[in-house]
Amino acid sequence: MIQPFSQHTGLVAPLDRVNVDTDQMTPKQFCKLLTREGYGKFLFFDWRYLDGEKPNPDFVLNFPRYRGASVLLGRANLGCGSSREHAAWAVLDYGFRVVIAPSFADIFYNNCFKNGVLPVQLKDAEVDELFRRTEATEGYSLSVDLEQQTVRDDSGLLCRFEIDPFRKYALQKGLDEIGLSLEHEAKIAAYEKQRAPAAPLYDPARVDVKYS
Amino acid sequence: MAEARTLYEKIWAAHVVHEEPGKPALIYIDRHLIHEGTSPQAFAGLKAAKRKVRRPDLTFAVMDHSVPTKNRDLPILDVTAKGQFDALAQNCAETGVRLFDMHSANQGIVHIIGPELGITQPGLTIVCGDSHTSTHGAFGALAFGIGTSEVEHVLATQCLIQFKSKTLLVRVDGQRPKGVTAKDLILAIIGRIGVAGGTGHVLEYGGEAVRALSMEGRMTMCNMSIEAGARAGMVAPDETTFAYMDGRPFAPRGKDSQEAVARWKALASDAGAKYDREVELRAEEIAPQVTWGTNPGMVTDVTGRVPEPGSFADAVDRQAAERALQYMALKPGTKIQDIPLDRVFIGSCTNSRIEDLRAAARVVAGKKVARTLKEALVVPGSRLVKAQAEKEGLDKVFTDAGFEWRDAGCSMCIGMNDDILPSGERCASTSNRNFEGRQGKGGRTHLVSPVMAAAAALAGHFVDIRDREWNVDGAE
């Protein structure tokens, strides 16, 4: 069950790179586990650790000032590439409840919602300003209000963001989307009956393909 | 008169099970493909909620991501990979889902076997917990990658809650020059529109150069739609599609086949259908492509040079290029053809079908892999492709030249098995992602077509496949 989201205030960590892909968020070798939990230690693994063990002092999440961050500030096309939900699991398990960027890749954006992580899309100039403030002020934190669709800091900054009303509602309630779809069982069954001739599936006795 | 509709709009409309104003629609999924990598948590979630797999008959499972490509008959020593295989086998046995395990004659990369077995058909909705599900759009299907939560959703309901996408028509007119492949077309498109150029959109590829492609070439193009940010890419079905479908094991047969073709013919976008955006390219202007950076949009002509980061107008692009060149250990201004290689990988769901292997083998025949190369791998996309290639003697052509000939799977495209690009080494790869660490931590990937990879393996560096010595015919 996903944790419902209403409001969150937390320390911001800035990841100043564009096109950060989900291979970086959870590298392949950690995509062989059978659970949804415990991926936080793998988040940005190849950037975060030298030789797989020693924390890389040059990587932003290892800076002492960003320890305990729960708002990840990113750049355009965040979460591109692989559909692996392990990326969203790692973001959540590391402790991030909010991810802010000027744009997100479609699948990662979707996967965030499925795990109670709020992806907030802001304008380029607003994200630039957030990077400036985060880097200028140690301990810089943001308050994100889903109901109001706002992002605020303590010194007067206020940004509004757009979000689809259904996604908002689902996240606020921690909605079981599968349960919601199953409420339409009668419609699904009726569709299957009507659809069947247009999507025939032939079950071959012997699967054998010829090439030309 | 009814409003002109696009291929995407027709398939979407035919799959809406339920919709309410202002909400995403519940759409029906005709085929669900699963593999060992992204399904265990979905089955676990299903079990925890005491739910059942609604349509095991529409669900197909295969082992591909973590399978070894050699010595498959020996015990699996990677305990985490073995855990994935065992979980998939058990989940399929418990739920009645058909599984092509790693010992099946039909095993292969999920996006290779779906089409070759006829599971993939025009007009269907097809999903899989893998971003390269866009491949199946080559048949005029709506196919896209989903996360594990959505895999669970489809297992339980055979439906998905979806928002309608925007549409982007990519037209490639004119004729492809010799040596320029479907891979070069799609890399050039990504280079043009960017790695986020298709975000929020479904791409439809059209135009003379796309129509002229075989089904396999169309699959290569649709496969990399996600590298332009689009979850799905499609090509309208035509005679090429129908001929490919004929006789496939899971495809309609006999009289049903004729009826199916009649239905499929109606799928193509109507004349005058409106797209949210359109992009046009000329095939004659496209050269063989080579990526120089750490995403597929960082690409140039084989005759080009590694760019100067300063040449990018945008500060963000400049910074990204600097970082990429540092990771790739490349100096700005270096000629692409002067870049030396350590390894070559021919495989992946992008380029491991029989035509890819035939084209690469024609380049390689009678020649030898450069001595400076540490390894050259050919990994067929499926065991059926492998068997066919062996029937044609292609395996011998490759091994005589010094390539290794392996069993089918995702292999070094993702490096979840033992096929890993070592840190600091440089690889010409026919795969789809040159992200940092994609083929192995610290590995440096250059994406190219199969013929470009084959020629690079012989030369030890990139070469222009159009040069006469490579003797490429008009085909690929």
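**Close-up views of a predicted model**

**Figure 1. Two neighbouring strands of chain B run in the parallel sense.** Strand 15 (residues 343–346) and strand 16 (residues 375–378) of chain B pair over 4 bridges, in the parallel sense. Please keep in mind that this is a predicted model. Look for B:Phe345, which has B:Leu377 of strand 16 of chain B standing opposite.

**Figure 2. Step back and the open sheet of chain B comes into view.** The sheet holds 5 strands with parallel pairing, and its order in chain B is 17-16-15-18-19. Which strands of chain B are the edge strands? They are strand 17 (404–405) and strand 19 (444–447), each of which pairs on one side only.

**Figure 3. Here we meet B:Val344 and its contacts.** Setting aside neighbours within four places in sequence, B:Val344 is in contact with B:Leu373, B:Ala376, B:Cys427, B:Ala428, B:Ala453, B:Ala456 and B:Ala457. B:Val344 also belongs to the largest nonpolar core, where it is one of the residues with the most contacts inside that core. Nonpolar side chains tend to be buried together in soluble globular proteins.

Figure 4. You can find 8 helices and 9 strands in chain A. Its C-alpha atoms fill a box of roughly 65 × 45 × 30 Å along the principal axes. Of the 212 residues in chain A, 43% count as buried. For contacts in chain A between residues at least 6 apart in sequence, 69% join residues at least 24 apart.

Technical notes
Residues numbered from 1 in each chain as written. Chains lettered and ligands numbered in written order. Predicted model: local features only at pLDDT ≥ 70, side-chain atom pairs only at ≥ 80, totals over all residues. Core = buried A, V, L, I, M, F, W, Y, C linked by C-beta atoms within 7 Å. Buried ≥ 20, exposed ≤ 12 C-beta atoms within 10 Å, placed from the backbone. Contact = placed C-beta atoms within 7 Å. Pairing = 2+ DSSP bridges.
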